[in-house]
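Here is a friendly tour for anyone who likes to check a fold by the numbers. Have a look at the structure below, and then read on.

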Amino acid sequence: MKTLIIIPTYNEYENIPPLLEAIFSYVPQTDILIVDDNSPDGTGELVDKMALADNRIHVIHRVGKLGLGTAYVTGFKYAIAHNYDAAFEMDADFSHDPQYLPDFLTAIEHADLVIGSRYIPGGATPNWSFVRRFISGGGNIFARLFLGMPIHDCTAGFRCYRRNVLESIGLDTIESQGYGFQVELAYRVMKQGFRIVETPIVFMDRRVGKSKMSRKIVFEAFTYVLRTRFGKQPALHIPLTAQSRQPDAVGSVGK
Ligand SMILES: Nc1nc2c(ncn2[C@@H]2O[C@H](COP(=O)(O)OP(=O)(O)O)[C@@H](O)[C@H]2O)c(=O)[nH]1
Ligand SMILES: [Mg+2]
């Protein structure tokens with residue numbers, strides 16, 4: 001299976017070299033696409049140099065900080081255009097441990113979307129305070145109940161999609177950016193009837209650098225759920241051509 005790992009970056013200079021080395025140590029056959037938003041710390045130039053030395057590494061440079069959601073949409077379109085069979089979403093800061101990548105590749109053989117889940121047996125957030133757990137865990141229960149999604153971790157950003165999913169979910173009409181982006185995508189994938197599987201991950205806090213997520217991004221996710229539940233489905237503009245399959249085929253895989 002031809003696979004692309006998409007990593008959006010904004011000021012991740014120190015994380016990128018050890019991260020890419022770790023990824024290739026677990027999954028040497030995959031390609032990596034960095035979508036850099038003109039990071040002031042020189043991440044983009046660094047990846048350009050690494051790409052010259054390794055043809056598995058690819059880079060897209062954007063003009064400025066345009067947000068996580070559009071960075072992934074840009075990466076997904078690259079994956080479609082270059083005929084990858086599957087594409088990953090992965091953060092640059094080691095919160096998403098590369099050791100789990102082989103689990104995703106095993107699971108995607110029998111799924112359309114694999115989500116790295118903190119909220120199924122084997123998953124965890126060991127460094128988190130009670131307040132952070134409450135906000136993230138509560139947010140997930142809220143989205144699950146209001147949107148009827150049988151997914152335990154729908155804000156998770158460590159994922160693997162098959163290309164046909166990316167081609168079918170209307171990438172040009174996605175509205176959200178941060179955690180809301182992850183919820184919106186999971187919802188669209190579910191509505192199309194694709195098979196979603198969760199695989200457990202232990203989510204660690206970022207090693208170096210700063211988080212770019214804000215309260216505004218948390219609020220956006222919250223309002224996305226409410227708008228989608230109580231609005232006239234404004235957030236679901238999906239082409240009618242996609243085929244439907246087993247609507248409730250959601251499961252999880254063990255380690
Ligand atoms: N290209 C791009 N990457 C971003 C942007 N915002 C965040 N990122 C990257 O997205 C990933 C997750 O962001 P992070 O700040 O760690 O979010 P947190 O884990 O929720 O605190 C990291 O790899 C960031 O460098 C953005 O506006 N553009
Ligand atoms: Mg992070």
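Predicted model: local features only at pLDDT ≥ 70, side-chain atom pairs only at ≥ 80, totals over all residues.

The protein is built from 8 helices and 8 strands. Along the principal axes, its C-alpha atoms fill a box of roughly 50 × 40 × 40 Å. How does the radius of gyration fit a compact globule? A compact globule of 255 residues would have a value near 18 Å, and the protein has 17 Å, so the two agree.

The table gathers some values for the whole protein.

| Property | Value |
|---|---|
| Residues that count as buried | 51% of 255 residues |
| Contacts joining residues at least 24 apart, among those between residues at least 6 apart in sequence | 82% |
| Accessible surface | about 11,800 Å² |
| Part of that surface belonging to carbon and sulfur atoms | 57% |

Charges come next. The protein carries 27 positive and 27 negative side chains. How far apart do the centres of the two sets lie? The distance between these centres is 6 Å.

Now for the single residue. Where in the fold is T228 placed? T228 belongs to helix α8, which covers residues 215-230. Is T228 buried or exposed? Its relative accessibility is 2%, and buried means under 20%, so T228 counts as buried.

Notes:
Residues numbered from 1 in each chain as written. Chains lettered and ligands numbered in written order. Heavy atoms only, no water. Helix = DSSP H or I, 4+ residues; strand = E, 2+ residues; numbered from the N terminus. Buried < 20%, exposed > 50% of the residue type's maximum accessible area, 1.4 Å probe, protein only. Rg over C-alpha atoms; globule rule 2.2 N^0.38 Å. Contact = heavy atoms within 4.5 Å. Areas by Shrake-Rupley, 256 points an atom, 1.4 Å probe, with all protein chains shown as cover. Lys, Arg positive; Asp, Glu negative; His and termini not counted. Charge placed at Lys NZ, Arg CZ, Asp CG, Glu CD.
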